[in-house]
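Please keep the viewer open and follow each stop in turn.

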There are 2 protein chains.
Amino acid sequence: MRLSRGFLPTLKEVPAEAQIASHRLMLRAGLVRQTSAGIYAWLPVGLRVLRNIEQIVREEQNAIGAQEVLMPTVQSSELWKRSGRYDAYGPEMLRIRDRQDRELLYGPTNEEMITDLFGQVIKSYRELPQALYHVQWKFRDELRPRFGVMRGREFFMKDAYSFDASYEDAVATYRRMMLAYLRTFQRLGVRAVPMKADTGPIGGDLSHEFLVLAPTGESGVFFDAALEEQDWLHENVDIADHASLEVFFNGVTRFYAATDEMHDETSWEDVPADRRREGRGIEVGHIFYFGTKYTESMGISVSGPDGAQFFPEMGSYGIGVSRLVGAVIEASHDEAGIIWPDSVAPYRAAILSLKPGDEAVDALCERLYGAAPDAFLYDDRSERAGVKFNDADLMGHPWQMIVGPRGAKEGKVELKRRATGERFELTAEDALAKVLGTDGAGKDAA
Amino acid sequence: MRLSRGFLPTLKEVPAEAQIASHRLMLRAGLVRQTSAGIYAWLPVGLRVLRNIEQIVREEQNAIGAQEVLMPTVQSSELWKRSGRYDAYGPEMLRIRDRQDRELLYGPTNEEMITDLFGQVIKSYRELPQALYHVQWKFRDELRPRFGVMRGREFFMKDAYSFDASYEDAVATYRRMMLAYLRTFQRLGVRAVPMKADTGPIGGDLSHEFLVLAPTGESGVFFDAALEEQDWLHENVDIADHASLEVFFNGVTRFYAATDEMHDETSWEDVPADRRREGRGIEVGHIFYFGTKYTESMGISVSGPDGAQFFPEMGSYGIGVSRLVGAVIEASHDEAGIIWPDSVAPYRAAILSLKPGDEAVDALCERLYGAAPDAFLYDDRSERAGVKFNDADLMGHPWQMIVGPRGAKEGKVELKRRATGERFELTAEDALAKVLGTDGAGKDAA
């Protein structure tokens with residue numbers, strides 16, 4: 001994209017309403033604009049980040065055999081009356097009456113609808129297990145929406161639901177999902193630590209929240225440093241094998257990790273002092289086993305091997321996709337602006353023309369831009385170099401390709417790595433190879 | 001996807017509520033399920049088609065320089081009061097009150113919101129033109145939702161909005177969009193004929209609907225056969241050049257085309273008799289120039305070259321993405337089921353195992369499936385061959401790879417082209433090459 005043509009409004013002033021870094025930076029870098037309290041429009045650059053996150057989430061769901069569907073945003077109250085939650089849900093549910101005075105609602109979550117769909121389609125234990133997910137807009141009518149997309153009212157969420165024939169199978173599904181979540185967050189360039197969460201009346205130990213570490217997090221967190229160090233992408237787990245999943249799960253849960261709500265001082269003191277990590281975290285995911293709560297209340301059963309009907313065991317698994325845009329920024333920024341992890345960055349690089357109109361500069365910039373127009377944001381504006389440097393740092397592209405008149409004459413580019421500030425003087429070809437990861441070093445080395 | 005594991009409920013019975021072919025076939029082939037009146041959940045196969053259509057629409061919008069944003073589904077009534085449409089819109093607008101008793105609505109369209117966003121960001125004629133689009137769920141509270149996703153209440157739509165500095169520029173944008181639409185529909189494998197539409201108080205000739213020809217269409221259509229024959233993908237138009245766009249536009253609009261609403265018998269009789277085509281059509285797109293209607297009513301101006309403020313000229317451009325799933329089926333099906341055009345098909349081929357459990361059959365099926373698991377639906381169920389043939393015809397994959405015990409022993413596959421019924425006896429390699437388009441013939445030949 002050529003910045004002169006783009007719908008990319010960067011702001012110099014710090015918006016008054018924004019209390020935390022990610023909210024300020026998302027407004028300043030032109031990622032979103034608020035359209036009503038807690039409701040945002042995504043501008044082109046913000047949307048690219050949202051889609052990158054969504055796609056990584058999707059790939060890791062598919063990798064464990066979950067199937068993607070898409071449920072509507074508007075639901076009938078009937079379903080929620082069947083589960084008993086219609087009256088219980090409270091004022092965060094946005095209730096609607098249509099022109100025929102039927103009670104509808106804007107879905108805050110989809111346990112009821114997916115259980116009903118499952119019941120329409122799946123009739124026998126032979127068709128189990130099933131894991132279904134969708135990535136869809138949800139609405140929760142927060143009394144005080146704040147922190148930008150981190151606690152908005154209309155938000156984008158991946159929610160998955162699983163149906164198993166037995167408790168043992170449901171546990172395996174839960175563990176598979178935990179692995180998918182750890183891999184998802186690692187690919188997003190953030191570390192999210194799984195913490196035991198409240199299971200309420202269900203009991204057991206099958207509820208975990210995933211928290212991204214950031215000083216502005218809403219929860220205090222206490223965890224063993226071992227949980228930060230693991231490489232989940234290369235963890236060798238056979239997801240079809242219950243025993244392998246158990247080894248993996250025990251490998252995660254043997255380390256202490258709790259939010260302040262669940263914190264237990266006695267167990268904490270068992271963690272070696274040099275491995276104790278305290279901080280704050282932002283919840284970006286939650287996995288939860290809840291047994292037959294919905295299948296039973298909604299009367300959804302399937303036939304078993306003996307012909308008798310039984311209620312499948314369920315779990316639900318959420319990732320806050322729009323919230324993650326803010327959480328990634330909270331975890332990865334500095335005074336100058338955002339520092340995008342490579343995997344979610346809207347563009348691989350900014351091309352900064354320090355002298356638009358200079359023949360050599362224009363020619364070199366066009367050559368760079370032409371090599372991968374969709375990967376680069378070309379700052380072709382007639383602005384001072386300082387403005388361009390500041391905007392590029394603010395927007396947080398992983399790389400900056402800086403083209404000035406002196407270098408351009410020799411075909412040279414100054415390459416800057418946003419995260420480290422490292423600078424390289426390279427030929428255009430070498431710069432492109434490094435930025436696009438075609439130099440053999442790949443993304444890992446970058 | 002292995003059919004035995006998939007969430008793909010095909011139905012033998014014809015659902016009673018479905019009056020038209022696409023609705024019946026979408027239910028029978030397991031593409032969607034209704035969750036409330038006029039509101040649908042998209043099951044895995046239906047969602048794949050929806051995404052394929054969305055992606056083609058997106059690519060053609062990007063190709064003419066439109067930028068993608070994403071506006072929320074829920075809007076504030078304030079915006080609509082500014083344009084004067086809040087009271088005028090009528091009962092099709094789904095009106096909502098939140099917990100603080102503020103008036104919200106589920107967006108039926110986005111002229112107001114995009115004009116407001118534009119006004120926040122764009123201040124000078126130098127930043128024009130701008131064309132912005134999004135693909136988002138909308139809601140129109142139809143009194144009598146019917147025909148499945150063709151006239152649903154919650155529907156998925158691409159809507160684009162353009163802002164130009166002058167009438168001449170706005171006309172060029174309009175023509176560019178017409179080209180993008182013709183290319184989009186051609187790529188989707190349907191012929192959509194542009195027909196002059198009512199411009200209301202705006203006047204002029206800059207309003208066209210695009211209708212897919214199908215016997216169940218809601219409008220009668222009259223058009224010159226020349227409009228069906230053109231290859232828009234290879235039409236040579238320089239989209240940056242006003243004169244080239246004019247030549248293109250005149251080349252389209254010189255041919256008679258009108259819905260029954262706009263039909264004029266006198267002009268119709270000027271069309272040579274052998275080129276007169278009458279039929280019915282389904283509206284799948286609409287492009288519309290409306291000048292300064294919204295910029296003026298909402299007070300959104302930018303500064304001109306002389307420093308004076310002026311109101312940008314606007315147009316809006318819609319494509320019904322979810323409706324197109326139905327429209328494509330209306331235009332492309334037979335007694336046995338759907339016939340997907342290659343470009344939107346959920347899978348390239350079904351693999352039909354005629355004898356699961358037979359060693360040679362299983363091995364060959366696995367080999368075929370392993371070559372491109374994401375491109376194939378592998379019918380590995382223990383069902384009779386007849387059931388599999390019927391389901392494959394019903395679901396409408398462009399190809400069927402039929403594997404029986406006799407052929408499997410020789411490594412042979414029977415390949416069936418769904419659209420024509422042609423059959424080929426081929427080695428596994430040749431069958432894969434033909435189905436995946438790697439045999440040099442490509443998709444066009446298929």
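The model in view is a predicted one.

**The two copies**

Chain B is superposed on chain A by a rotation of 180° with 0.0 Å of shift along the axis, at an RMSD of 0.0 Å. This is the relation of a two-fold axis. Next, display the interface residues of each chain. Of those in chain B, 100% are also interface residues in chain A, so the copies meet through the same surface.

**The annotated span**

Select residues 38–341 of chain A. The UniProt record, an unreviewed entry, annotates this range as "domain: Aminoacyl-transfer RNA synthetases class-II family profile". The span is 33% helix and 30% strand, and its end C-alpha atoms are 26 Å apart.

**Helices α2 and α6 of chain A**

Select residues 44–63 (α2) and 167–187 (α6) of chain A; the two helices pack at about 150°, with axes 9 Å apart. An angle over 145 degrees counts as roughly antiparallel, and α2(A) is therefore roughly antiparallel to α6(A). The crossing is right-handed. To inspect the contact, show side chains on both helices.

**Helices α2 and α11 of chain B**

Move to chain B and select α2 (residues 44–63) together with α11 (residues 321–331). Their axes come within 9 Å and cross at roughly 110°, which means that α2(B) is roughly perpendicular to α11(B). Here too, the crossing is right-handed. In α2(B), select Val49(B), Leu50(B), Ile53(B) and Glu54(B); they meet Val321(B), Ser322(B), Leu324(B) and Val325(B) of α11(B). The contact of α2(B) with α11(B) has 6 nonpolar, 1 polar and 1 charged residues.

**Helices α12 and α15 of chain A**

Return to chain A for residues 359–371 (α12) and 428–436 (α15). The axes of these helices come within 11 Å and cross at roughly 35°, in a right-handed sense. Leu364(A), Arg367(A), Leu368(A) and Ala371(A) of α12(A) are in contact with Ala428(A), Glu429(A) and Leu432(A) of α15(A). The classes represented are 5 nonpolar, no polar and 2 charged residues.

**Backbone geometry in the loops**

The final selections concern the backbone. Most residues other than glycine have a negative phi, and most peptide bonds are trans.

- Select Leu128(A) and Pro129(A), which are joined by a cis peptide bond with omega of about -5°. Pro129(A) belongs to the loop between α5 (111–121) and β7 (130–139) of chain A.
- Select Leu128(B) and Pro129(B), where a cis peptide bond likewise has omega of about -5°. Pro129(B) is in the loop between α5 and β7 of chain B.
- Select Asp101(A), a non-glycine residue with a positive phi of about 65°. Asp101(A) is situated in the loop between β5 (94–97) and β6 (103–106) of chain A.
- Select Phe147(A), also not a glycine, whose phi is positive at about 60°. The loop between β7 and β8 (154–164) of chain A contains Phe147(A).

Technical notes
Residues are numbered from 1 along each chain as its sequence is written. Chains are lettered from A and ligands numbered from 1 in the order in which they are written. This is a predicted model: local features need pLDDT of at least 70, side-chain atom pairs count only at pLDDT 80 or more; totals for chains, interfaces and linings use all residues. Side-chain values use heavy atoms; hydrogens and water are left out. UniProt positions are given in the numbering used here, feature names are shortened, and annotations may be inferred rather than shown by experiment. Helices (H or I, at least four residues) and strands (E, at least two) are DSSP runs, numbered from the N terminus. Copies are superposed by least squares on the C-alpha atoms of residues with pLDDT of at least 70 in both. Contact means heavy atoms within 4.5 Å. Axes are lines fitted to C-alpha atoms, for helices over the stretch in contact, and angles run from 0 to 180 degrees between N-to-C directions. Angles under 35 degrees count as roughly parallel, over 145 as roughly antiparallel, 65 to 115 as roughly perpendicular and the rest as oblique. A crossing is left-handed if the near helix is turned anticlockwise from the far one by less than a right angle, and right-handed if clockwise. Ala, Val, Leu, Ile, Met, Phe, Trp, Tyr, Cys and Pro count as nonpolar, Asp, Glu, Lys and Arg as charged, and the others, Gly among them, as polar.
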